[in-house]
Amino acid sequence: MALNYTESSILHGAPVAWIQEITVSALTELFHFDFIQEPKYKIPISGTASKGGNNTDIKGADGSLLRFPKGSLIIDAITEEEIVEDATADVDATGFGEITLALNKAPTEIAYKSWTTFVKTLHDKKDSLFLIAIPTGFTYKGRNVSSPKNVDGYFYLICKRSSDIEQTFNDTPTTLSVTFISFRVADSMAGGIDTALTTATWTAINMKIGTSTNIALTPPALVAGDAALLKAGKPVLKTVP
């Protein structure tokens with residue numbers, strides 16, 4: 001058996017991430033992070049659809065179930081505003097994937113170079129739908145041998161923020177942990193989303209390892225099959241060619 005240890009084990013992660021905002025038939029690059037403390041993804045063995053209490057079921061004559069996600073909405077009777085904003089209770093939340101980013105630096109965009117401005121923008125876009133891409137990490141070959149150096153692959157997910165914004169300030173660097181959960185694209189936004197996904201541009205991010213030796217990372221382009229999975233609220237994993 002050929003030795004392949006240099007390209008079959010992930011030795012460490014890559015501290016970068018891309019967040020694109022999804023609007024009707026369009027994607028816009030919003031945040032680029034070049035120094036993340038810890039990017040993490042999760043693919044549950046079963047999605048939200050398996051939890052009967054979170055769904056409305058219609059039983060067929062043969063015993064089969066037709067299942068719809070159950071929405072959860074609480075309205076203030078005085079102001080008519082939504083009291084509880086919970087992404088996990090949305091009818092379009094799928095439970096098929098999750099991304100958590102432990103952030104300790106604002107994104108690279110000049111508009112968000114202030115940490116507080118970035119956090120405010122993240123809060124203001126609490127209802128936004130995002131496409132996020134994170135690397136799956138470096139093998140020994142990818143980090144030390146390949147030319148150009150590159151990560152092993154990427155994880156993509158269409159999602160919404162599901163976690164609170166919570167920070168503690170003391171004599172250590174501040175860190176903000178943000179979790180995003182998978183969402184399907186609603187019919188009202190699905191018109192040209194296939195084209196938007198397969199033609200999306202990804203600005204290269206320089207992973208900082210030294211002034212003259214930074215590694216330029218760019219997620220691979222999505223294809224039609226990827227777009228179909230993402231639209232349905234499912235994750236996509238792509239190996240770097």
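Mentor: We will go from the overall picture to single pairs of residues. Keep in mind that this is a predicted model.

Trainee: What does the secondary structure of the protein come to?

Mentor: Count the helices and strands before looking at side chains. Here there are five helices and 12 strands.

Trainee: How many of the residues count as buried?

Mentor: Burial is judged from relative accessible area, and under 20% means buried. In this protein, 38% of the 241 residues fall in that class. The protein exposes about 13,400 Å², and carbon and sulfur atoms supply 53% of that area.

Trainee: How do I read contacts along the chain?

Mentor: Look at how far apart in sequence the partners are. Among contacts between residues at least 6 apart, 68% join residues at least 24 apart.

Trainee: Is T121 buried or exposed?

Mentor: Compare its value with the cut-off: buried means under 20%. T121 has a relative accessible area of 12%, so T121 is buried. T121 is found in helix α2, residues 115-124. Leaving aside neighbours within four places in sequence, T121 is in contact with F31 and Y112. Both of those residues also belong to one aromatic cluster, formed by F31, F33, Y112, W115 and F118.

Trainee: How many aromatic pairs does a search of the whole structure find?

Mentor: The search finds 10 aromatic pairs. One of them is W18 with Y154, an edge-to-face pair with 5.8 Å centre to centre and 65° between the planes. W18 is in strand β1 and Y154 in strand β8, 136 residues apart, so to read this pair is to read a link between distant parts of the chain. Both W18 and Y154 are buried.

Trainee: Why is the pair of Y41 and F155 stacked?

Mentor: Read the angle between the ring planes; under 30 degrees counts as stacked. The planes of Y41 and F155 are at 5°, with ring centres 4.1 Å apart, so the pair is stacked. Y41 lies in strand β3 and F155 in strand β8, so the pair ties together parts that are 114 residues apart in sequence. Y41 is partly exposed at 34% relative accessibility, whereas F155 is buried at 0%.

Trainee: What lies over the face of F96?

Mentor: A ring can also have a charged side chain over its face. Here K234 lies over F96, at 5.5 Å from the ring centre.

Trainee: How many salt bridges does the structure hold?

Mentor: The structure holds seven. One of them joins E21 and K125 at 3.1 Å, N to O. E21 lies in strand β1 and K125 in the loop between α2 and β7, so this pair ties together parts that are 104 residues apart in sequence. E21 is buried at 14% relative accessible area, while K125 is partly exposed at 22%.

Trainee: Which residue forms a salt bridge with D194?

Mentor: The partner of D194 is K231, with the closest N and O atoms 2.8 Å apart. D194 lies in helix α4 and K231 in helix α5, so the pair ties together parts that are 37 residues apart in sequence.

Trainee: Which residues make the nonpolar surface patch?

Mentor: L11, Y140 and V145 make this patch of about 310 Å². L11 counts as exposed at 55% relative accessibility, and is found in the loop between α1 and β1.

Trainee: Which peptide bond is cis?

Mentor: Read the omega angle of the bond. The bond from S147 to P148 is cis, with omega near 5°. P148 is found in the loop between α3 and β8.

Definitions and conventions
Residues numbered from 1 in each chain as written. Predicted model: local features only at pLDDT ≥ 70, side-chain atom pairs only at ≥ 80, totals over all residues. Heavy atoms only, no water. Helix = DSSP H or I, 4+ residues; strand = E, 2+ residues; numbered from the N terminus. Buried < 20%, exposed > 50% of the residue type's maximum accessible area, 1.4 Å probe, protein only. Contact = heavy atoms within 4.5 Å. Phe/Tyr/Trp six-rings, centres within 6.5 Å; stacked < 30°, edge-to-face > 60°. Lys NZ or Arg CZ within 6 Å of the ring centre and 35° of its normal. Patch = residues over 30% accessible without salt bridge, like charges linked within 9 Å, V, L, I, M, F, W, Y side chains within 5 Å. Areas by Shrake-Rupley, 256 points an atom, 1.4 Å probe, with all protein chains shown as cover. Salt bridge = Lys/Arg side-chain N within 4 Å of Asp/Glu carboxyl O.
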